[in-house]
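Subject: Structure for you to look at

Hello,

Here is the structure I promised you. Please open it and keep it beside this email while you read.

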Amino acid sequence: MCRITAAGKEAAVARFLQDFPDAPRAGRDHPALRGCDDIAWADFGCPAGVPALLRGLLDPAAAAEAERVLCNVLMDGVFTMGPAMPAALPFLLRLAADPAVPVRTGLVEVLFVVAELSHPVDGGSERAIRFLGSDRDHPERARCRAVFFEHAELVRGLLDDRTLPDGLIPPEERASLLQAAAA
């Protein structure tokens, strides 16, 4: 399975900061990002530049690239969330709730993926465990469900938000988000 290495994540953040040196200042005072500098991202195997990527989501010129790089940093593989996802999830939820965020629609779609990957894996299904790994080996799933539950009001607000494009939240994604928030 394709894995994203720590060195690859560091290099991606460095490239982003080189290409968009002003992006980290864009969201310096945004209330959704309060506390992002206080997290020891390195403890999760993430580059120290995660707060810069989160702020970059608020810079119209850098937002799309910040989202792409942030997703790569927070994921360990195609269907595997990294251990930092639960720490980043409150910020992603709060940013997705803000209609002024340039990549808001993309963040909502990221939340669909995180919700889906947060669901427990059927321990009796050898195929599911082989493909997704066991819940014991992926505690980030339960931690993400706890974050969704803690921020259930934001999740419900997103599901009821009339400013999002019609059809963005199909019934299966709606159900997945609600299930994750009901942990």
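Two residues are in contact when they have heavy atoms within 4.5 Å of each other. Keep that in mind for what follows. One caution: this is a predicted model.

Start with Phe-148. Which residues does Phe-148 touch, not counting residues up to four places away in sequence? The list is Leu-89, Leu-93, Leu-111, Val-114, Ala-115, Ser-118, Val-155, Leu-177, Ala-180 and Ala-181.

In general, two packed helices are described by the angle between their axes and the distance between the axes.

Take α8 and α10 to begin with. Helix α8 covers residues 140–150, and helix α10 covers residues 171–181. Their axes lie 7 Å apart, at an angle of about 95 degrees. Angles of 65 to 115 degrees count as roughly perpendicular, so α8 is roughly perpendicular to α10. On the α8 side, the contact uses Arg-145, Phe-148 and Phe-149. On the α10 side, it uses Leu-177, Ala-180 and Ala-181. By type, the residues of this contact are 5 nonpolar, no polar and 1 charged.

Now α6 and α8. Helix α6 spans residues 104–118. It packs on α8 at an angle of about 125 degrees, with the axes 8 Å apart. That makes α6 oblique to α8. The crossing of α6 and α8 is left-handed. From α6 come Leu-111, Val-114, Ala-115, Leu-117 and Ser-118. From α8 come Arg-141, Cys-144, Arg-145 and Phe-148. The residues of the contact of α6 with α8 are 6 nonpolar, 1 polar and 2 charged.

Next, the core. The largest nonpolar core has 56 residues. Which of them touch the most other members? They are Trp-41, Leu-54, Leu-57, Leu-92 and Phe-148. Several elements give two or more residues to this core, among them α1 (6–19), α4 (63–74) and α9 (152–160). Helix α5 gives the most, with 9 residues.

Last, look at Leu-53, in helix α3. Is Leu-53 buried or exposed? Its relative accessibility is 0%, so Leu-53 counts as buried. Leaving aside neighbours within four places in sequence, Leu-53 is in contact with Val-13, Phe-16, Ala-66, Val-69, Leu-70 and Val-73. Leu-53 and Ala-63 are 10 residues apart in sequence. In space they are 8.5 Å apart, C-alpha to C-alpha.

Best wishes

Methods: Residues numbered from 1 in each chain as written. Predicted model: local features only at pLDDT ≥ 70, side-chain atom pairs only at ≥ 80, totals over all residues. Heavy atoms only, no water. Axes fitted to C-alpha atoms, helices over the stretch in contact; angles between N-to-C directions. Helix = DSSP H or I, 4+ residues; strand = E, 2+ residues; numbered from the N terminus. Parallel < 35°, antiparallel > 145°, perpendicular 65-115°, else oblique. Nonpolar A, V, L, I, M, F, W, Y, C, P; charged D, E, K, R; others polar. Left-handed = near helix turned anticlockwise from the far one by under 90°. Core = buried A, V, L, I, M, F, W, Y, C linked by side-chain atoms within 4.5 Å. Buried < 20%, exposed > 50% of the residue type's maximum accessible area, 1.4 Å probe, protein only.
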